[in-house]
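Have a go at each task before you read its solution.

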Amino acid sequence: MKKAKTKTNAKAQASAKAQANTKAHAKKKTKAARSPKITLRLNGKKAAVAAPPMKRLLDTLREDLGLTGTKEGCGEGECGACTVLVDGAAVNSCLVASCQVDGCDVQTVEGMARGNAKVAARLHRLQRAFLEHGAAQCGICTPGMLMAALALPKRATLDEIRAGLAGNLCRCTGYMKIYDAVAQFLDGERR
Amino acid sequence: MIAAAGIDVLQPRHLKDALIMLRVAADEGRPLVPLAGGTDLFVTLNAGQKPAARYLDLWRLDKLRGVEALGRRRLAFGGLATFTDSIESKAVQKRLPILVDAARQVGGVQIQNRGTLAGNIENGSPAADGVPVLMAADARVVLRSLDDERAVPLAEYYTGYRKTVRRPDELIVRIEVDVPEGGQRFEKVGTRAAQAISKVVMAAVGHRVAFGSVAPIIVRAHKLEAYLAAGGRDIGEAQRLVAEDVTPIDDVRSTAEYRRRVVANLVAAWVPSLDKRTATR
């Protein structure tokens with residue numbers, strides 16, 4: 001955040017340069033921006049995908065990258081079912097332009113288990129805690145819950161768990177089993 | 001799903017480039033729509049409401065990130081400062097704690113991580129939660145174009161429902177606040193604590209007070225403020241005056257009558273705390 005380079009000199013320079021550059025500049029940038037290739041780190045591995053820049057990250061993940069673990073609930077940022085981590089921060093992937101994750105680290109639920117996820121022992125500890133506590137019923141909120149919970153600070157209190165998961169709606173469990181599972185997981189992480 | 005393929009996006013890496021792009025597009029009569037965290041914009045796109053044809057993605061303009069504390073009372077929020085940035089900033093916690101309260105009630109963590117204060121302002125929703133706080137704190141919106149920069153008081157930023165004074169070649173690069181003295185108060189009345197759009201929002205700093213969801217734009221309650229500034233403390237009179245400051249309507253979230261009643265109740269609860277020395281939050 002820099003202060004404006006003020007007053008006449010900079011002003012004159014800017015507008016002269018702008019006049020000279022604007023057309024060519026804007027053309028060049030426009031072309032570059034249309035380039036559809038997006039490269040990212042996806043669940044720890046390099047990935048590249050060609051997608052329209054304003055395609056929702058949710059759709060790019062599901063349709064172009066074949067990762068259907070991320071679910072669409074409401075499509076308007078209310079329910080959190082589509083939560084993924086971008087550079088470690090929880091986001092609603094239904095509200096993120098694919099072009100905005102170019103060069104970013106993206107984590108989805110598929111990145112949690114090691115190898116064959118049908119073997120319980122290979123599940124992520126947070127996933128195992130969900131299993132043990134019966135923290136999933138219909139399951140559509142579960143991937144989003146898991147991702148939002150992963151972004152919680154290790155020392156999160158129950159209130160902080162509630163606040164951290166406030167953007168994730170579950171219509172089956174009544175939330176208590178989910179909080180219990182997350183609390184157990186965080187407790188284990190602290191040891 | 002949206003027809004993303006037909007939508008143009010420009011992705012400048014430098015502010016100067018962004019300002020050039022805005023200028024060129026404005027001159028061509030095809031203004032670019034600035035895109036920051038996308039938390040409002042994608043809701044309308046996903047709902048199939050007609051998108052503007054071209055967007056300017058600001059997300060790579062790293063110089064616009066973060067919150068700065070200057071002097072004893074000033075805060076400067078970058079054009080891309082998010083709600084999470086405000087929540088985590090020690091300076092904001094200390095100087096304008098009601099902004100932290102408000103930010104925590106904007107959507108869930110996922111929205112707070114992406115949504116920006118500048119976007120909250122420019123989107124122009126009368127139900128924005130961050131805007132009443134900034135307006136009550138006398139914030140200034142710093143607009144920059146290729147060859148000029150101007151600071152507009154937030155209280156004068158809106159010209160009508162979702163209409164602002166921003167010209168198509170300008171960008172919000174900063175929001176500055178010299179936090180006024182006095183107790184601070186933030187009240188959001190909604191259906192539930194998280195993920196709810198407000199029925200009524202009130203933010204106060206000293207005797208400055210702004211309301212959301214009770215008019216086509218977020219408003220300062222000028223008549224009420226003048227009365228309080230002159231030392232008036234009669235609750236009935238304060239309620240009568242604030243009723244002239246707001247013009248609520250019936251909509252999907254509430255009724256005009258309910259909103260009037262809630263505004264009056266919030267004022268009744270707030271006014272007696274005005275002269276207490278400690279901040280009332």
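**Exercise 1. Classify Glu244(B) by accessibility and describe its salt bridge.**

Step 1. Glu244(B) has a relative accessible area of 42% and is partly exposed; buried means under 20% relative accessible area, exposed over 50%, and partly exposed in between, with a 1.4 Å probe and protein chains only.

Step 2. Its partner is Arg240(B), and the N to O distance is 3.0 Å. A salt bridge here is a side-chain nitrogen of Lys or Arg within 4 Å of a carboxyl oxygen of Asp or Glu. Arg240(B) is also partly exposed, at 44% relative accessibility.

Step 3. Both residues sit in helix α10 (residues 235–245) of chain B, 4 residues apart, which means about one helical turn lies between them. Helices (H or I, at least four residues) and strands (E, at least two) are DSSP runs, numbered from the N terminus.

A word on the ground rules: this is a predicted model, in which local features need pLDDT of at least 70 and side-chain atom pairs count only at pLDDT 80 or more, while totals for chains, interfaces and linings use all residues. Residues are numbered from 1 along each chain as its sequence is written, chains are lettered from A and ligands numbered from 1 in the order in which they are written, and side-chain values use heavy atoms, with hydrogens and water left out.

**Exercise 2. Describe the interface between chain B and chain A.**

Step 1. Start with contacts, meaning heavy atoms within 4.5 Å: 53 residues of chain B touch 49 residues of chain A.

Step 2. Now take the area. The two chains bury about 4100 Å² between them, and 59% of it is on carbon and sulfur atoms. Buried area is the accessible area (1.4 Å probe) that two parts lose on being put together, summed over both. Phe42(B), Gln110(B) and Gln195(B) supply 16% of the area that chain B buries against chain A, more than any other three residues.

Step 3. Look for charge pairs. The count between the chains is 1 salt bridge: Arg60(B) with Asp102(A), whose closest N and O atoms are 3.3 Å apart.

Step 4. Sort the chain B side by class: 25 residues are nonpolar, 11 polar and 17 charged. In this scheme Ala, Val, Leu, Ile, Met, Phe, Trp, Tyr, Cys and Pro count as nonpolar, Asp, Glu, Lys and Arg as charged, and the others, Gly among them, as polar.

**Exercise 3. Is Ser86(B) buried or exposed, and which residues does Ser86(B) contact?**

Step 1. Ser86(B) lies in helix α3 (residues 83–88) of chain B.

Step 2. With 0% relative accessibility, Ser86(B) is buried.

Step 3. Leaving aside neighbours within four places in sequence, its contacts are Phe77(B), Val92(B), Leu99(B), Val100(B) and Leu117(B).

**Exercise 4. Locate Ala4(B) and list what Ala4(B) touches.**

Step 1. Ala4(B) is in the segment before β1 of chain B.

Step 2. Ala4(B) is buried, at 4% relative accessible area.

Step 3. Not counting residues up to four places away in sequence, Ala4(B) touches Pro52(A), Met54(A) and Lys55(A).

**Exercise 5. Summarise the make-up of chain A.**

Step 1. Chain A has 6 helices and 5 strands, in the order α-β-β-α-β-β-β-α-α-α-α along the sequence.

Step 2. Of its 191 residues, 46% are buried.
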